[in-house]
Structure formats: C-alpha cells, structure tokens
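Please keep the sequence and the structure in view while reading.

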Amino acid sequence: MNLYGIRAIYHFEMARTFRTLAESIAAPVLTTSLYFIVFGKAIGSRLGDIDSVSYGAFIIPGLVMLNLLNESIANASFGIYMPKWSGTIYELLSAPVSWIEVLIGYVGAAATKSVVLGLLIMGTARLFVPYEIAHPGWMIAFLLLTAVTFSLFGFIIGLWADNFQKLQVVPMLVVTPLTFLGGAFYSITMLPPLWQKITLFNPVVYLISGFRWSFYGVADVHIAMSIGMICGFLMLCLAYVGWVFKTGYKIRN
Amino acid sequence: MNTHNPVPILSVRGVNKIYAGGFRALNNINLDIQRGEIFALLGPNGAGKTTLISLICGIVKASSGTVIADGHDIVRDYRAARATIGLVPQELHTDSFESVWATVKFSRGLYGKAPDAAYLENVLRALSLWDKRKAKIMTLSGGMKRRVLIAKALAHEPTILFLDEPSAGVDVELRHAMWRMVRELRAQGTTIILTTHYIEEAEDMADRIGVINQGELIVVEDKSVLMRKLGKKQLSLTLRQPLSRIPTELNAWPLTLSGDGHTLIYRFDAQAEESGIAALLRTLNEHGIDFKDLRSSESSLEDIFVGLVHQSKQELT
C-alpha cells in the first residue's frame, strides 16, 4: 500500500482547510450558533419538552447532523472536483496510487474535517444549552460512520459533477430538504399518521433518530434500524465507487 | 549513451486506442526507447502524440497492446511502472492556491517516496525556483509554472521523463535554459521522451526521432540517419545574365529556375556518392552560362518532417 501517497493526499486536503478556516470552520459554527439562539433560546423557551428533553437540547443532534451531512458532502466533492476542474487530476491518474488509496486520502480528510466541525458545534451548543450524552461511544460511532458515509457520497458527487452547479445541486436540492424534513427540529411522532409513514422513506430520519438516541436515549425509530440504514448506505456508496474505479467512469478515458 | 542496448527502458507493443465514439487515435504502435536517450516524438496537431504519452503514463486506457516501463507492465504492475515515470503535461495544470514547495512535496509523496527536503531543494534550485518556494503558484509567470510542473515531475526521481511540448509558450531564454536542464538530466541517466512543435529543437536535442501522423508511427530513426536518408541538398547558382528558360542541353539535371531567371537551383540526393556538381559546372561553362555566386544548403528536419507527413497523408488517402 502506498502510505506516503495516502498521507500526501490527506495532508494536502487538510492544508486546504487550514488555509480557509473562516469558510470551513468558523462559518458553519456561527450559523449553527444562530440556530441555537433563535430556535433553542428565543422560540424554544416557549415550546414544551419533547420526550422529556428541552427543545433547545432536542435540536442539538439534528443540527450537528445537518452540518455533518452538508460539510462531509461539500468537503469530499470539492476535494476531488478541484483536480478535475484544474486539470491536476493527471497527477492522480499517473501516480502509483490505487483508487482505494485515493479514496482513503480524500474521504479520510473530508470525514476528519466534518467530525472536528461536529465536535465544535457540540461544544458551541454547550454554551447555550445544558445537555448530557447518554451513550458517548455510540455518539462517536454515529459521528464517524455518518461522516465517512457522506464523505463517500460527496466523493461520488465530485466524480459525477462536470461543473460547479452540479456540485451544488445535490446538497442544496436533496440533502438539505431531507435533513430539515428528517426530524432535525421535531420528532416525527409530532406529524400526522400519514406523514409519519411517508417520512420513514427519508433515510436522514434514521441518522438523526439514531444520533439523538445516543444523546438522550430516545428515538423515533429503533436504534438497530438506524445502524442498519447508515451501514446500508455506506455499502451502497462503496459499491458505486468500486464500479466507478473498475470502469474508469468519468475519470479515465 | 548506448543506443544499441538490447533491453529498452520503454517498450510499446501493438498498442491501439479506439475511443468510445469509434475514433482511432492510435493504430498498432510499436516503439522501443533505449535507456538514457533523448527521443523526440514529432507530429502535427491531433496526430496522437499526447494520447500515446497519456496511455503510457496511465491517464488513458489502451484498447489493446502492452507497454513495459523499465521492466514493469504498466497495467499488471502499474505501481512499479508508474514510479519510474515522470510526466510534464502540455497544459499548465497547477494547484493555483498552493505554494511551490507544497505542490512539489505533494508530488513526491503521491508517488510513494519518503520525504526528502534536501532532494527537493536541489530540484528547485536547479530549476531556479528555490527563491519562489513560498510563492503561491497563481502568482508565477507562465514560464515559472512550466518549471514547477517539471519540478513536480522530477520530485519522485523518475528514470523516464515525458515532456509534452515543454517549451510551448515559453520565451527564448527560458527555453534554452530548459533544454540545458534536459541535457543535464540525460547526463544523470534520465531517459527523456519529448514532443515539440519546435522542430529545430528536436534537431538540436534528440538522439532519435519518431514521426507520428493520424495515429500511426510512420518513422522511427536515429536523427542523423534520418537526415542522411531523407535529407536533400541543393545548390543555388546566381547567374550573371538571367535566363528566360532552362537550356535543353541541361535537361539531364533536375534543375529549376527562379521566377526572375537569376537563380538556377540544382537538387541532389545527400546520400549519393556522386553529387553531379562538378559535371554540371563543366556543362554550364561549356555553354557559356556564367555565374557570380554559388551556395549549397541541405534540408532541415522540418523539411523532412513536412515531407513525411505529406507522404503519409497521401498514402492514407
């Protein structure tokens, strides 16, 4: 295995984050702080508890997940799209590095950034809302699994996209709406029965529910279902990337 | 350099490239590159030069055929094969927001080499980039960016270096500096394969020449042999009195007369034992055709190249 190659890609990507700290870290943390101020403090103080959890604390897992999904996708898709756009992908294609190694470098860096951001948001939330984490091990597991899976998904988007618009279209038109409708700000039990059933087709419901369970021990769907869904999506992404690497689709003529 | 080394450092056998749309970019390419030589690949735009280089470097998949780089199959043993190859692409593809040092360091790591700051410093110094190591690539001139690409290609100490039109868009001074560097690399044992539109540079630099046209390698020859085999010489005689036509007594010689009738041009085979010049001059004297000046010249590599490509086109049509 070309460990130096993996390290080179990983460091290169991480260096990009440190170069753009304001956009990469400060902006999402500030935006999320505003959510806590508006929904957690101003509006949340007038709302009752949900499943014995204060509204301000209830939205923390959802907000972390919202950022985790968006940032994982954005980091990984941008990471692999930039060499395609600038033409420097010739170096990746001609280097003695396998696509698994390329994947580990890019997805590893994107997932690292997302996890760091997620932890920062949790730390920021603690300034506004008191909360405890019931299952810290599971919380970390969900954080890592989600970051890796959606970084992988972002990597696929970056491979597929052939312009900057396409790079934005999936996060903006698919992921963000699914996250907002996936129980980030409410429990799905608050929905009418028909919408409760429909909403179960939204995969993000399982992620938020599982992540929230790791915090407060309460969930909209069974924890096993949440773990199964995230692992299933991870497998699906891996299978797709495997096919891409095998055929060279959109990367090698 | 030993051009008769029985084990080529690069061996291309029966390589074809047909794109999905059916366009045949390369047609049964067979080519051996000897260790330590400078090989110039010439061809008009769209001839297949970059496709061939991209295929050897792993950027493009071959439809059929094999390529062995320094003893390693580029598909089955791609890691070892690619580790021996450095590529300077035709286009100035750079990480604009990165520093020179960061991008060169990245290239070395990507190719699986342990960090070696001293080696990279030597590369940057040799390319006059050391003072610019902290500069962002976007702030550099085109020529400097070209040097950065060369530094990146050399960062992992390749034994085979591909230079795809390295002097395109580079000023004369920098171009000469670049060719000095190419000679130094060759002296250190690096095998160099280059494509260029500056044929006089290929003439000046290369040990062997390959000409590719419409995906076919139409000639591969030692440069001096190629020029001797296909080169033509010509003798131009400036006449004292202009002629209106070539006298019939001179029909035995392949002569042409300039438009103003002042210059008689005699073309002859550079390889022939007897040029026929002495006999021509005697005949001119016998018929009272006097000249005040004579000048001989031989065809350049460019003339030969144009002739080969033209001939190849005619054969294909």
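## Terms and a covered helix

A residue is called buried if 20 or more other C-beta atoms lie within 10 Å of its own, exposed if 12 or fewer do, and partly exposed in between, with the C-beta atoms placed from the backbone. Helices (H or I, at least four residues) and strands (E, at least two) are DSSP runs, numbered from the N terminus. This is a predicted model, in which local features need pLDDT of at least 70 and side-chain atom pairs count only at pLDDT 80 or more, while totals for chains, interfaces and linings use all residues. Residues are numbered from 1 along each chain as its sequence is written, and chains are lettered from A and ligands numbered from 1 in the order in which they are written.

Helix H3 of chain B, residues 100-110, is mostly covered, since nine of its eleven residues are buried. These buried residues are Val100(B), Thr103(B), Val104(B), Lys105(B), Phe106(B), Ser107(B), Arg108(B), Gly109(B) and Leu110(B). They pack against elements of both chains, namely helix H1 (3-19) and helix H4 (89-94) of chain A, and helix H4 (117-126) and helix H5 (142-154) of chain B. Two residues count as being in contact if their C-beta atoms, placed from the backbone, lie within 7 Å. After H3(B) comes Gly112(B), which has a positive phi near 80°.

## The contact between the chains

The contact between the chains takes 22 residues from chain A and 27 residues from chain B. On the side of chain B that touches chain A, helix H2 (78-83) and H3 of chain B each supply at least two residues, and H3(B) gives the most, with five residues. By residue class, that side of chain B divides into 14 nonpolar, seven polar and six charged residues. In this count Ala, Val, Leu, Ile, Met, Phe, Trp, Tyr, Cys and Pro are nonpolar, Asp, Glu, Lys and Arg are charged, and the others, Gly among them, are polar.

## A four-stranded sheet in chain B

Chain B contains an open sheet of four strands in the order S2-S1-S4-S5, with antiparallel pairing; two strands are said to pair if DSSP finds at least two bridges between them. Its edge strands are S2 (24-33) and S5 (72-73) of chain B, each of which pairs on one side only. Strands of a sheet pair through backbone hydrogen bonds, either parallel or antiparallel.

Strand S1 of chain B, residues 10-18, pairs with S2(B) in the antiparallel sense over six bridges. Within this pairing Lys17(B) stands opposite Leu26(B), and Ile18(B) has Arg24(B) as its bridge partner. S1(B) and S2(B) form a hairpin with five residues between them, and Gly22(B) in the turn has a positive phi of about 100°. S1(B) is also joined to S4(B), again antiparallel, by five bridges, with Thr66(B) in S4(B) as the bridge partner of Arg13(B). Helix H1 (49-57) of chain B lies across S1, S2 and strand S4 (64-69) of chain B and runs at about 65° to S2(B), where axes are lines fitted to C-alpha atoms, for helices over the stretch in contact, and angles run from 0 to 180 degrees between N-to-C directions.

## A glycine in a loop

Gly169(B) is found in the loop between strand S7 (160-164) and helix H6 (172-187) of chain B. With 14 other C-beta atoms within 10 Å, Gly169(B) is partly exposed. The C-alpha atoms of Gly169(B) and Gly143(B) are separated by 7.6 Å, although the two residues are 26 apart along the chain.

Chain A has ten helices and zero strands. Its radius of gyration is 19 Å, close to the 18 Å that the globule rule gives for 253 residues, so chain A is as compact as a globular protein of that length; the radius is taken over C-alpha atoms, and the rule is 2.2 Å times the number of residues to the power 0.38. Buried residues make up 44% of the 253 residues in chain A.

Chain B has ten helices and 14 strands, and 37% of its 317 residues count as buried. The C-alpha atoms of chain B fill a box of roughly 80 × 45 × 40 Å, taken along the principal axes. Chain B is divided into domain 1 (10-228) and domain 2 (232-298), with bounds that come from an automatic or database domain assignment. The centres of these two domains, taken over C-alpha atoms, are separated by 45 Å.
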